[in-house]
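Work through these exercises with the structure open beside you. Try each task before you read its solution.

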Amino acid sequence: VKYEITYSTLRRWIEKFEKGGVTKLLHQNKVTKRSVKWDEEAVDYLRGLYLKAEHRKMSVKAIYRFMKAEAQRKGWRIGGYGSALLYIKEIENQMSPLIAYRDRGNRGLDNAICPIFRTYADLNPFQIVVGDQHRFDFWVTDEETGKAFRPEGYVWQDLCTRNIYGFSIGKKYDSAMMGEALWVGITIFGKPEQCFTDNGGPETAKYFLDKKSEIGSLNIDYRGNIGNYIADTEDANRQFSGVYADLNITRRLARVRNAKSKMIEGTFRYLEKMLIDNGLPGYVHTLGGNAEENDIDDKEVQRLLEAGKLPTFTEFCTAFIKVCDIYNRRKHHKGLADQARREKLGGAMNLSAMYPLDYLAYRYKNGWKPVRVQEDALKLIFMARAVRKVNHGVITFNNEIYTHETLNNFRNGTAVEIRYRHGDFSCLVVIHNGRYICDALAVERSSMIDDELTAAKNRAKRELKKKYIEIYKAYVKPVADLRTYSEADLRMNELAAEREKLTQNQAIIAA
């Protein structure tokens, strides 16, 4: 009590005194146990055990157990488990790219080492536009069904000026949505030179670039002022079909799950935040977020839906158009300002308030000009595409028969390209060898009981046959018969005629 010693401390001191006397109670410096030095071969083998991909889920203790067995077999000198931990910690601290390669393969290694830093200052406006699909983090109401859904969209962005180039929004993204977004950008800003996308199904669809097609791109005579060119630079001797081929746009595909140069990924975060800041409700809960906060978000969406206050799809589209306009006109872009600094444009532009449209205007004043495409050509280019064969003047497509007078001129089995509006099968635009042929319409079927319709169909067919006969006669009338007939045949024909005449005269006399 006098020295304020606890009973547990006193008992511990008594035990020490009983085991070693007074010397055990003296304060002495703890002797550090000298660690065993590992053989270099053993250290390398330990690193290999830890870095082997098949062992990435194993505990360090299990790895050390295998290490001890191998060291005993090879006669290596190794230390204890603690020293093994030090070597493994060294691997984790100094060999992180190897750990990334072990756990995530080649793409993980690529992300672990120093990236390639790119500059876009050497690009012209819309020389390369980058596109990506996005499922928006908002719930909206379908005006037709009243049900809530999350809209999806496809957005293109210019790498040089950072302008939002074009976009399209719907219930589910596909190649048609991509085409509509590209159409919007071409109409507003002009044609790009290259499209940079992921490797998804819509991005690599034949609708955009069909390398196996034998149809080829549109002929210059039927695509306005687009130009006469080959679309893909991989093989300049081949003719490709698709939107890119018709527009002379080359394609660049990003490396799978490793598109560091696709700035559009980060742009979506800004656009989503701008939608929230502009007062759009219906934001979805955060994946992997706080459960209590997510529960509040879900209840709010349900309450808005029941009260009829959840934004409609049209209202969402309107809000998105506004934030894209704000992004282009009034959103300071730090990356664009850094690019302008590297171009030394401080005297020409305000680098503290760098807006994409202002930079585009600057490039326009300094000589850049957009490449325009006629609207009629764009309507034809962005139609859906298919290949069918002409048989007896008709084309069978979507369980329907289409025809036009011009199709009668084609030999049976001739392959032609057909184009149509997405979801609209009322008319097929027929193209052959890169040239427009006709607009084929669905056949009006005759009737077994409607005599007037049957008579009209027969008259039309007779007129068509008469037209072809007249064309045929016009071609062959001035042409001489090139065949050489036998003179013996001619003499026999004359004798036969004389005999018939004589026989007729004798019959008259006898009568």
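**Exercise 1.** Which residue forms a salt bridge with Asp-142, and how far apart are the closest N and O atoms?

Solution. Start with the ground rules. This is a predicted model, in which local features need pLDDT of at least 70 and side-chain atom pairs count only at pLDDT 80 or more, while totals for chains, interfaces and linings use all residues. Residues are numbered from 1 along each chain as its sequence is written, and side-chain values use heavy atoms, with hydrogens and water left out.

Step 1. Know the term. A salt bridge is a side-chain nitrogen of Lys or Arg within 4 Å of a carboxyl oxygen of Asp or Glu.

Step 2. Find the partner. Asp-142 pairs with Lys-171, and their closest N and O atoms are 2.4 Å apart.

Step 3. Asp-142 is in the loop between β2 and β3, and Lys-171 is in the loop between β5 (164-170) and α6 (175-189), so the bridge ties together parts 29 residues apart in sequence. Helices (H or I, at least four residues) and strands (E, at least two) are DSSP runs, numbered from the N terminus.

Step 4. Check the cover. Buried means under 20% relative accessible area, exposed means over 50%, and partly exposed lies in between (1.4 Å probe, protein chains only). Asp-142 is buried because its relative accessibility is 8%. Lys-171 has 53%, so Lys-171 counts as exposed.

**Exercise 2.** Describe the salt bridge between Arg-150 and Asp-137.

Solution. Step 1. Take the distance. The closest N and O atoms of this pair are 2.9 Å apart.

Step 1. Locate the ends. Arg-150 sits in the loop between β3 (148-149) and β4 (152-158), and Asp-137 in the loop between β1 (128-135) and β2 (140-141). The two residues are 13 residues apart, and the pair links distant parts of the chain.

Step 2. Classify each residue. Arg-150 is buried, at 18% relative accessibility. Asp-137 is partly exposed, at 23%.

**Exercise 3.** Which residues are linked with Arg-385 in a network of salt bridges?

Solution. Step 1. Begin with one pair. Arg-385 bridges to Glu-417, with the closest N and O atoms 3.6 Å apart.

Step 1. Arg-385 belongs to strand β8 (residues 384-390) and Glu-417 to strand β11 (residues 414-420), 32 residues apart. Both residues are buried.

Step 2. Widen the view. The network links Asp-246, Arg-385, Glu-417 and Arg-419.

Step 3. The whole structure holds 15 salt bridges.

**Exercise 4.** Which residues form the positive surface patch, and which make the nonpolar one of about 900 Å²?

Solution. Step 1. Learn the rule. Patches use residues with over 30% relative accessible area and no salt bridge; like charges are joined within 9 Å, and nonpolar side chains (Val, Leu, Ile, Met, Phe, Trp, Tyr) within 5 Å. Areas come from the Shrake-Rupley method with a 1.4 Å probe; for residues, only the protein chains shown count as cover.

Step 1. List the positive members. They are Arg-12, Lys-16, Lys-19 and Lys-24. Lys and Arg count as positive, Asp and Glu as negative; His and the chain ends are not counted. Each charge is placed at NZ of Lys, CZ of Arg, CG of Asp or CD of Glu.

Step 2. Look at Lys-19. Lys-19 is in helix α1 (residues 7-20) and is exposed, at 73% relative accessibility.

Step 3. List the nonpolar members. They are Tyr-3, Ile-5, Leu-10, Trp-13, Ile-14, Phe-17, Val-22, Leu-25 and Leu-26. Val-22 lies in the loop between α1 and α2 (40-51) and is exposed, at 53%.

**Exercise 5.** What phi does Asn-248 have, and where is Asn-248 found?

Solution. Step 1. Recall the background. Most residues other than glycine have a negative phi.

Step 1. Read the angle. Asn-248 has a positive phi of about 60°, although it is not a glycine.

Step 2. Asn-248 is in the loop between α7 (243-247) and β7. Asn-248 is partly exposed, with a relative accessible area of 24%.

Step 3. Find another case. Lys-344, also not a glycine, has a positive phi of about 60°. Lys-344 lies in the loop between α11 (334-342) and α12 (356-365) and is exposed, at 75%.
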